[in-house]
Amino acid sequence: MRWIYITIGVAITGVLGFLGIREVVSDPVYFLELLLGGLTRGSIYALIALGYTMVYGIIQLINFAHGEIYMIGAMTALIVASVLGLWGWNAGVIAILAVVFAVVYSCAYGFTVEKIAYKPLRNAPRLSALISAIGMSLFLQNYVMLAQTPEFMPFRSLIPDFAFWEPYAHIMSSVELTIIVTTVIVMVLLGILIKFTRIGKAMRATAQDKVMAALLGINVNQVISTTFVVGSATAAIGGVLIACHVGQINFFIGFLAGLKAFIAAVLGGIGSIPGAVLGSLVLGISESFFTGYFWSEYEDVFAFSILVIILIFRPSGILGKHEAQKV
Amino acid sequence: MLKLKDVHTYYGNIHALKGINIEVTEGEVISLIGANGAGKSTTLMTTSGVVPAKRGSIEFKGKDITHLPADEIVKLGICQVPEGRRIFPYLTVAENLDMGAFLRNDTDQIKSDMDYVYGLFPILANRRNQAGGTLSGGEQQMLAISRALMCRPKVLLLDEPSLGLAPIIIKQIFSIIKKINEEQNTTIFIVEQNANLALKAAHRGYVMENGVITMTDTGENLLSNENIKKAYLGI
């Protein structure tokens, strides 16, 4: 039986590889566009997936309300940009203020959600907190729908077309460039925060052993709150960037984006920060190729199929840690 | 210095500590001995604020700390080496020690304290860049004690430092505990099942059964007590 599988595997890989190479050779610019589009998509996933993976790493909770925080970030930016636009402010100032407001609001929401929906359930069974998270997600969606509108609203890009990027704009837009560059900067800053700062050390220690962290004088509740705030900030940045890219938003955009980022986090190994980034890029690029070369209608089916396949064959993800350790 | 007065602690409905009284004076080594499940570890966890007392009071240097959260209690200078050592498995030895000094800002002093513990346990210096989870049981115990010393504790709480270790390592660890008490004038509160070892090291001892303190005396007197000999020393 085994050789049949191997033969089938080799055959499929061969055909795909052949077709792939043929496509690349026949239209390299299209290939490059898809690759860069995938990279952009993956960057956005990464900005959201970080929040999932950090929160999971520290309290073993899948924070399903995280996609909503991202949506709130985009909404806040839209409101701020519209108001300031009416007053006729300078575009650059508007962009900066919109991002700042989006980050601050999302952080406040992330912080509050943790205090209201998860902290009281800290010692409850994990399923209770998960249900609470789903409830929080539905609540935030409907709250934004009622407070704003169920319709899609146009989002005027806050990012101008850079003059220096003009020669390459046909392959990758200025917005896409901004998304990728911003994501790289955010990742580097986050890496520094976690590896070298005092709060970063406290986060790593708390993720590994909460009781011991408390016994060394670490305020565990404060560390958990900080984790939510940091995750919310990156999600908000992702929300603003994607809104600039897509050009319209509504109250529901957080749902699918949140799920996709969750898939990315699982693909990379939930709880692992490099894993979330890697998983996001792999998911973004493979989605882009799938929609570009096969069927674009099946984009979401493809993403969820990946989730099912990982959960069957490698539940710990690409970079997931093996749970064995000496006690 | 540290006073537990009529302390009651519960785990859900289980009444784990049934009104215990313990007093530790500055500079002392105290041992608390007793069988499995007597409530020894709970006593330490209650003192550290991880499992708060339901009734009674705990005083440290005249200040009531009964209801303080764990991290506030550490700030006052009560540090614990908990049961099972609880080394951070994915942090290196040096990072584990760094976490011990989490509340301190005096970089120079931290550096010299780190040299001091590397002097106490040279093996840790050789392994400083190795992940904590890869150390042997004895090395983890050494690291756990060193990490607690990095807090500069006024009182060091040690939960079963001999658990699962080879006799030669146990001997080494107890001699270092004594050294810490004498050199640093650190007050030490040891919880142990190994009664012989613990009472020999201690100035005074307490005996615990089913959540109650049944006896207290100097270490020497307890060692020669007939009942203790029968119940805990197997003589």
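This is a predicted model: local features need pLDDT of at least 70, side-chain atom pairs count only at pLDDT 80 or more; totals for chains, interfaces and linings use all residues.
**Entry 1: two helices in chain B**

I started with helix H6 (residues 137–149) of chain B and helix H7 (residues 167–184) of chain B, whose axes are 10 Å apart and meet at an angle of about 10°. H6(B) and H7(B) are therefore roughly parallel to each other. On the H6(B) side I listed Gly138(B), Gln141(B), Met142(B), Ile145(B) and Leu149(B), and on the H7(B) side Ile169(B), Gln172(B), Ile173(B) and Ile180(B). I sorted the residues of this contact into six nonpolar, three polar and no charged.

**Entry 2: salt bridges in chain B**

Next I searched the whole structure and got 20 salt bridges over all chains. Glu139(B) is buried at 12% relative accessible area, while Arg127(B) is partly exposed at 26%.

I also looked up Arg152(B), which bridges to Asp113(B) with the closest N and O atoms 2.7 Å apart. Arg152(B) is partly exposed, at 41%, and Asp113(B) counts as buried, at 12%.

**Entry 3: a network in chain A**

Which residues are linked with Lys260(A) in a network of salt bridges? I found Arg41(A), Glu287(A), Glu299(A) and Asp300(A). I checked Glu299(A) with Lys260(A), and their closest N and O atoms are 3.5 Å apart. Glu299(A) lies in helix H12 and Lys260(A) in helix H10 of chain A, so the pair ties together parts 39 residues apart in sequence. Lys260(A) is buried, with a relative accessible area of 3%, and Glu299(A) is partly exposed, with 21%.

Methods
Residues are numbered from 1 along each chain as its sequence is written. Chains are lettered from A and ligands numbered from 1 in the order in which they are written. Side-chain values use heavy atoms; hydrogens and water are left out. Axes are lines fitted to C-alpha atoms, for helices over the stretch in contact, and angles run from 0 to 180 degrees between N-to-C directions. Helices (H or I, at least four residues) and strands (E, at least two) are DSSP runs, numbered from the N terminus. Angles under 35 degrees count as roughly parallel, over 145 as roughly antiparallel, 65 to 115 as roughly perpendicular and the rest as oblique. Contact means heavy atoms within 4.5 Å. Ala, Val, Leu, Ile, Met, Phe, Trp, Tyr, Cys and Pro count as nonpolar, Asp, Glu, Lys and Arg as charged, and the others, Gly among them, as polar. A salt bridge is a side-chain nitrogen of Lys or Arg within 4 Å of a carboxyl oxygen of Asp or Glu. Buried means under 20% relative accessible area, exposed over 50%, partly exposed in between (1.4 Å probe, protein chains only).
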